[in-house]
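Welcome! Here is a short tour for anyone meeting this structure for the first time. Take a look at the sequence and the model, then read on.

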Amino acid sequence: MGAVKTKRMPRAVREQQMLDAAVRIFGQRGYMAASMDEIAELAGVSKPLVYLYLNSKEDLFTACIRREAGALVEAVRAGVRRGLPADRQLWEGLGAFFTHTAENPDAWSVLHLQARTHGEPFAAEVTAMREEIVAFVTQLILVGAREAHRDPDLPEGEVAGLAEALVGAAESLAAWANATPGVTAHQAAATLMNFAWAGLGDLMAGRPWAPPEEQPGPHTG
């Protein structure tokens, strides 16, 4: 009998295997400490094959960032059902965000910690992802604000800062939740929703907070 021929794994599948291994190593060890030998061993391939497919450690790291950034953005978009009230859409978006970051802690470490601290072009890849999420959240808030104010032409700039603040808070809270035993994605989303929506809800209803007027004192009159 002749030798049994094994089916060759498609390049795309093999490449995803390498990226899976790289995300795990980069996320747990950090970019500088990660070695191509470790990544190749975890992926079950030779180091020359990793270089053949992905050229260099820098290119491999960039490929990891792009894949994980795209997956996170898609998870948030897919988690929101259009047509629901603004608070429900925001709740579902936050739930999708925290669920994804909790289920993929190494990927979140790559995006939130590693890519941001090793300069360009890595930081630029994460910035592009963040801008996409901010734009998505801006539209969620804007729809609700326009409905509340009965003003279909309410400028996007009126809520852009709120979206920036909300996304920044979500990023920090995800890092905290992943590092704190017992905190679930649902709890993290509820924490941020309670923190943010009390203010957003009043703002949309035309009840913005305003600082008290200063009273003249002995040194101000």
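Gly 144 sits in helix H7, where helices (H or I, at least four residues) are DSSP runs numbered from the N terminus. Gly 144 counts as buried because its relative accessibility is 6%; buried means under 20% relative accessible area, exposed over 50% and partly exposed in between, with a 1.4 Å probe and protein chains only. This is a predicted model, in which local features need pLDDT of at least 70, side-chain atom pairs count only at pLDDT 80 or more, and totals for chains, interfaces and linings use all residues. Residues are numbered from 1 along each chain as its sequence is written, and side-chain values use heavy atoms, with hydrogens and water left out.

**Around Gly 144**
- Setting aside residues up to four places away in sequence, Gly 144 touches Ala 86 and Met 204, where contact means heavy atoms within 4.5 Å.
- Between the C-alpha atoms of Gly 144 and Ala 179 there are 33 Å, and the two residues are 35 apart along the chain.

- In H3 (residues 47-54), the residues Val 50, Tyr 53 and Leu 54 are buried.
- Seen down the axis of H3, these buried residues fall within an arc of 75 degrees, so they line one face of the helix; the arc is that of the directions from the helix axis to the C-beta atoms.
- Pro 48 and Leu 52, on the other side of H3, are exposed.
- The cover over the buried residues of H3 includes helix H1 (11-29), helix H2 (36-43) and helix H4 (57-79).
- Asn 55 lies in the loop between H3 and H4, and it has a positive phi of about 70 degrees although it is not a glycine.
- Asn 55 counts as exposed because its relative accessibility is 55%.

- In soluble globular proteins, nonpolar side chains tend to be buried together.
- Here the largest nonpolar core has 63 residues, and those with the most contacts inside it are Phe 26, Leu 60 and Phe 98. H7 gives the largest share of this core, eleven residues.
- Such a core is a set of buried Ala, Val, Leu, Ile, Met, Phe, Trp, Tyr and Cys residues joined through side-chain atoms within 4.5 Å.
- Leaving aside neighbours within four places in sequence, Phe 26 is in contact with residues including Tyr 31, Ile 39, Leu 60, Phe 61 and Val 110.

**The largest pocket**
- How much space lies in the largest pocket? About 190 Å³.
- On a 1 Å grid over the protein atoms alone, a pocket is an open set of points with protein on both sides within 12 Å along at least five of seven lines, while a cavity is a set where a 1.4 Å probe fits but cannot get out; lining residues have an atom within 4 Å of a point.
- Grid points are joined across faces, edges and corners, and a volume is the space filled by probe spheres set on the points.
- Eleven residues line the largest pocket, and Leu 162, Ala 165, Ala 196, Gly 199 and Leu 200 lie nearest its centre.
- Helix H9 (185-204) and helix H8 (157-179) each supply at least two residues of this lining, and H9 gives the most, with six.

**Cavities**
- There are three cavities of 30 Å³ or more, and the largest cavity has a volume of about 110 Å³.
- Among the residues that line the largest cavity are Val 76, Phe 97, Phe 136 and Ala 170.
- Helix H5 (86-103), helix H7 (122-149) and H8 each supply at least two residues of the lining of the largest cavity.
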